[in-house]
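Have the view open as we go.

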Amino acid sequence: MPTTNTSAYASRSVLFTAFDRFASRVTRWAGSPVAFALALASVVVWAAVGHLFDYSENWQLVINTGTTIVTFLMVFMIQQSQNKDSIALHLKLNELLAASKQASNRMIGIEDLDEQDLREVAEFYVRLAARAKDGGRGKETHSIDEEGMPTDRRAGAHHPRTAPAEGLVETS
């Protein structure tokens with residue numbers, strides 16, 4: 001699966017489109033009260049006929065096999081829908097970042113950073129929250145451009161740590 005910030009992601013495939021539609025329908029249906037009622041009814045019927053089969057291993061195997069198969073297949077359906085929702089959310093956030101003059105466009109596509117890089121970016125925002133809590137000068141606008149992205153520092157790029165990035169405005 002291509003990353004969300006590549007043009008390859010936007011390419012169409014008949015098979016992928018069909019699977020996406022199918023997965024969306026299945027996951028919507030699986031989360032419905034009707035699906036829950038059917039699952040509950042299945043368990044009740046299975047439990048009710050247990051005495052007819054003397055609660056044998058085969059009787060237990062029926063529910064175990066059925067639930068295992070359904071669970072196995074549903075994992076893929078739910079993951080497909082979750083991937084799609086996640087990508088849509090990232091694209092919406094990217095649009096908001098790109099449209100805001102005060103936000104750093106460098107945050108677009110940040111979901112593709114590795115976990116350590118994301119932790120370093122999060123540390124910037126933890127420090128920013130501490131500054132706000134300590135009662136800085138009224139309202140201030142800040143951006144990750146003040147410190148740069150963790151990947152910039154590894155590449156040897158120089159980013160000033162104290163000067164606000166171009167386009168940032170401090171308000172009071």
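A helix here is a DSSP run of H or I with at least four residues, numbered from the N terminus. Keep in mind that this is a predicted model.

Q: Where do Phe 72 and Phe 76 lie, and how many residues apart are they?
A: Both belong to helix H3 (residues 57-99), and they sit 4 residues apart, about one turn of the helix.

Q: What makes Phe 72 exposed?
A: Exposed means over 50% relative accessible area. Phe 72 has 54%, so it passes that mark. Phe 76, at 45%, is therefore partly exposed.

Q: Which residues make the nonpolar surface patch of about 510 Å²?
A: Ile 69, Phe 72, Leu 73, Val 75 and Phe 76 make it. Leu 73 also lies in helix H3, and its 48% relative accessibility counts as partly exposed.

Q: How many aromatic pairs does the structure hold?
A: There are 4. In one of them, Tyr 55 and Trp 59 have ring centres 5.1 Å apart and planes at 90 degrees, so that pair is edge-to-face. Together with Trp 46, these two residues form one aromatic cluster.

Q: Why does Trp 59 count as buried?
A: Buried means under 20%, and Trp 59 has 11% relative accessibility, so it qualifies. Tyr 55, with 46%, is partly exposed.

Note on methods. Residues are numbered from 1 along each chain as its sequence is written. This is a predicted model: local features need pLDDT of at least 70, side-chain atom pairs count only at pLDDT 80 or more; totals for chains, interfaces and linings use all residues. Side-chain values use heavy atoms; hydrogens and water are left out. Rings of Phe, Tyr and Trp (its six-membered ring) pair if their centres lie within 6.5 Å; planes under 30 degrees apart count as stacked, over 60 as edge-to-face and the rest as tilted. Buried means under 20% relative accessible area, exposed over 50%, partly exposed in between (1.4 Å probe, protein chains only). Helices (H or I, at least four residues) and strands (E, at least two) are DSSP runs, numbered from the N terminus. Patches are made of residues with over 30% relative accessible area and no salt bridge: like charges are joined within 9 Å, nonpolar side chains (Val, Leu, Ile, Met, Phe, Trp, Tyr) within 5 Å. Accessible areas come from the Shrake-Rupley method with a 1.4 Å probe; for residues, only the protein chains shown count as cover. A salt bridge is a side-chain nitrogen of Lys or Arg within 4 Å of a carboxyl oxygen of Asp or Glu.
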